[in-house]
Amino acid sequence: MLIKTRSRSDLAENEVTPEPAYLSRRSVIKGLGAGVGLAGIGLLGANTRALAADQAPRKPLDFRPQKPAPDLVLTPDEKVTNHNNFYEFGTGKTDPAQNSQGLKTEPWTLTVEGEVEKPGTVDVWKLMGEIGLEERIYRMRCVEAWSMVIPWVGFELGRFLKRFAPTSRAKYVAFETLYDPEQMPGQRNRFVGGGIDYPYVEGLRIDEAMHPLTILSVGLYGKTLPPQNGAPIRLVVPWKYGFKGIKSIVKIRLVEEMPPTSWNRLLPNEYGFYANVNPAVDHPRWSQATERFIGPGGIFSVKRQATLPFNGYGEEVASLYRNMDLRKYY
Ligand code: MTE
């Protein structure tokens, strides 16, 4: 198993600001109680209208911490949780934090089916208590050309999928978000939901799904995920654009054929199946060569920096795509 310590994916020395508040808080955390399209806009600064006080409480998680690289800058919790894409709750960046607080995440089940010898349904809250959670501090790159560094808590998707004994016909993994129009206004109204055909779906090739960097996340900053970040369980694939990170997952299906994905279905010329971070391939409407890092500090401190191939995780994942033309398979 691979825990990232320091590689090219980490930020340079001159971009540092430590996050001491988080580090000290983390050391005391213990015990789990029980037709639009993405646009290159919406950079946040202090624009965090949804206040923490209005938000659903998050439970502390019991997890194995990752020793952060000494020069790693984390995006503050309040920015990670107030600048979101979750179109089921509206297309604005603060809509998810404002509109998702009533999402009922307990109980929550996740079904794994399809090309597996042992299909089954798990209670996600029980799973969190028994699977052995670990922290993964990942650099995240959004297709909208902003980036964050987020301390996720979760477990390797591959380790989880092996419990269900994938068959040799399992070539892809298809994911599905909860479909519940009563709770999700974007599913009731196409305008609110950005024209996506719900439920939101995503997919990975089986080798991508089994890669040790690919996790199912159940928390961030040491606590359970807030609804706007995909509670109680969502996908995180750090070398791909953020839209691959499907939220509030209820079903995983192992399949033989490449499954549909929501953004590819909506705008196939703009969003491919692979969605690997690639500074050499521009989005048709904007460049992917650089990104704005959202860190501590106000809007004027937001830095533009070069985007790295595979978001800086090339050493770990480039071999998965050795013989592929990544301009064609974007
Ligand atoms: N999952 C669902 N179900 N619905 C969505 O609209 N948006 C995606 C992805 N997962 C989305 C989703 C997009 S476009 C991005 S950039 C990431 O979630 C954002 O994750 P974050 O809000 O936790 O940063």
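The model is predicted, with local features requiring pLDDT of at least 70 and side-chain atom pairs pLDDT 80 or more, while totals for chains, interfaces and linings use all residues. Residues are numbered from 1 along each chain as its sequence is written, and side-chain values use heavy atoms, leaving out hydrogens and water.

**Whole chain.** Display the chain as a cartoon: its secondary structure comprises nine helices and 13 strands (DSSP runs of H or I, at least four residues, and of E, at least two, numbered from the N terminus). Of the 330 residues, 57% are buried (under 20% relative accessible area, with a 1.4 Å probe and protein chains only).

Zoom in on the individual atom pairs. A polar backbone atom of Tyr87 is 2.7 Å from a ligand oxygen, and an N or O atom in the side chain of Glu88 is 2.8 Å from a ligand nitrogen. At Asn229, a polar side-chain atom lies 3.1 Å from an oxygen atom of the ligand. The protein covers 97% of the 540 Å² of accessible area that the ligand has on its own (Shrake-Rupley method, 1.4 Å probe).

**Glu208.** Move to helix H7, residues 206-210, which contains Glu208. Glu208 is buried, at 0% relative accessible area. Show Lys240 as well: the side chains of Glu208 and Lys240 are joined by a polar contact of 2.7 Å (a pair of N or O atoms within 3.5 Å; within protein, one must be able to donate a hydrogen and the other to accept it, and residues adjacent in sequence count only if both atoms are side-chain atoms).

**Cis peptide bonds.** Select Pro199 in the loop between helix H6 (185-188) and strand E7 (201-205); the bond from Tyr198 to Pro199 is cis, with omega near 5°. Then select Pro232, between strands E9 (223-224) and E10 (234-236), where the bond from Ala231 is cis with omega near -5°.

**Positive phi.** Finish at Ala145, in the loop between strands E4 (133-141) and E5 (146-156). Phi of Ala145 is near 70°, a positive value in a residue other than glycine, and Ala145 counts as buried at 13% relative accessibility.

Key: Buried < 20%, exposed > 50% of the residue type's maximum accessible area, 1.4 Å probe, protein only.
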